[in-house]
Amino acid sequence: MNLIFICTGNTCRSPMAAAIFQKLAAEHGLPVNIRSAGMAAVEGEPASPNAVQACREIGIDLSEHRSRQLRRDDLSWADLFLVMSPSHAAVLTQAGIPTEKIRILDMPDPYGGSLEVYRACRDALTSCLERLAGELSEADHG
């Protein structure tokens, strides 16, 4: 299964979510391919320092992440689009992606916030993605 995590700039939420889910997928034995992208990303930007630090605290290394713009081939590649807001979902729907392939995680953007704000985002993502990993694991083994 191919999953893509999408936010706005691809320096905070979607790279954190993709890295967290990569770890959860490994723990659950889920055969997934994971990408992340931004709808308004500047190509090649590193993850935000607070995103790197918040993930480092839970054993995830985001230091090599570089932002990327959502591309046309991502739209045909992905089986499931995990977006951070309803506005991201609306853009995908307008691009012809069926709503059943879109999941809204509804995560506020921590951009510019303190490390505490990023930790809260990380923890909310982890909780949400643990549920998703459980659902996909059941479907995979169901």
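Which residues does R13 touch, not counting residues up to four places away in sequence? The list runs C7, T8, M84, H88, M107, P108, D109, P110, C121 and L125, where contact means heavy atoms within 4.5 Å.

Before going on, a word about the model. It is predicted, so local features need pLDDT of at least 70 and side-chain atom pairs count only at pLDDT 80 or more, while totals for chains, interfaces and linings use all residues. Residues are numbered from 1 along each chain as its sequence is written, and side-chain values use heavy atoms, with hydrogens and water left out.

## Around the annotated site

Two of the residues above return in a database record. In an unreviewed entry, UniProt lists C7, R13 and D109 under "active site"; its positions are given in the numbering used here, feature names are shortened, and annotations may be inferred rather than shown by experiment. These residues are spread over 103 residues of sequence, yet they cluster in space, with a largest C-alpha distance of 8.5 Å.

R13 sits in helix α1, which covers residues 13–28. Helices (H or I, at least four residues) and strands (E, at least two) are DSSP runs, numbered from the N terminus. Is R13 buried or exposed? With a relative accessible area of 4%, R13 is buried. Buried means under 20% relative accessible area, exposed over 50%, and partly exposed in between (1.4 Å probe, protein chains only).

D109 belongs to the loop between β4 (102–104) and α5 (115–141). At 43% relative accessibility, D109 is partly exposed. Leaving aside its neighbours within four places in sequence, D109 is in contact with C12 and R13. The side chain of D109 also reaches the backbone nitrogen of Y111 at 3.0 Å. That is a polar contact, meaning a pair of N or O atoms within 3.5 Å; within protein, one must be able to donate a hydrogen and the other to accept it, and residues adjacent in sequence count only if both atoms are side-chain atoms.

## Salt bridges

How many salt bridges are there? The count comes to ten, taking a salt bridge as a side-chain nitrogen of Lys or Arg within 4 Å of a carboxyl oxygen of Asp or Glu. Here are some of them, including the pair from the annotated site.

| Salt bridge | Closest N to O distance |
|---|---|
| D109 and R13 | 3.5 Å |
| R71 and E43 | 3.1 Å |

R71, in the loop between α2 (49–56) and α3 (72–77), pairs with E43, in the loop between β2 (33–38) and α2, and the two are 28 residues apart. R71 is partly exposed at 34%, and E43 is partly exposed at 44%.

R103 in strand β4 and E135 in helix α5 are 32 residues apart. R103 is partly exposed, with a relative accessible area of 30%, and E135 is partly exposed at 41%. Elsewhere, salt bridges that share partners join E57, E116, R119, R122 and D123 into one network.

## Cysteines

How many disulfides does a search of the whole structure find? The search finds zero, a disulfide being a pair of cysteine sulfur atoms within 2.5 Å. For C12, the nearest cysteine sulfur is that of C7, 6.8 Å away. C12 is buried, with a relative accessible area of 3%. For C128, the nearest cysteine sulfur is that of C121, 10 Å away. C128 is buried too, with a relative accessible area of 14%.
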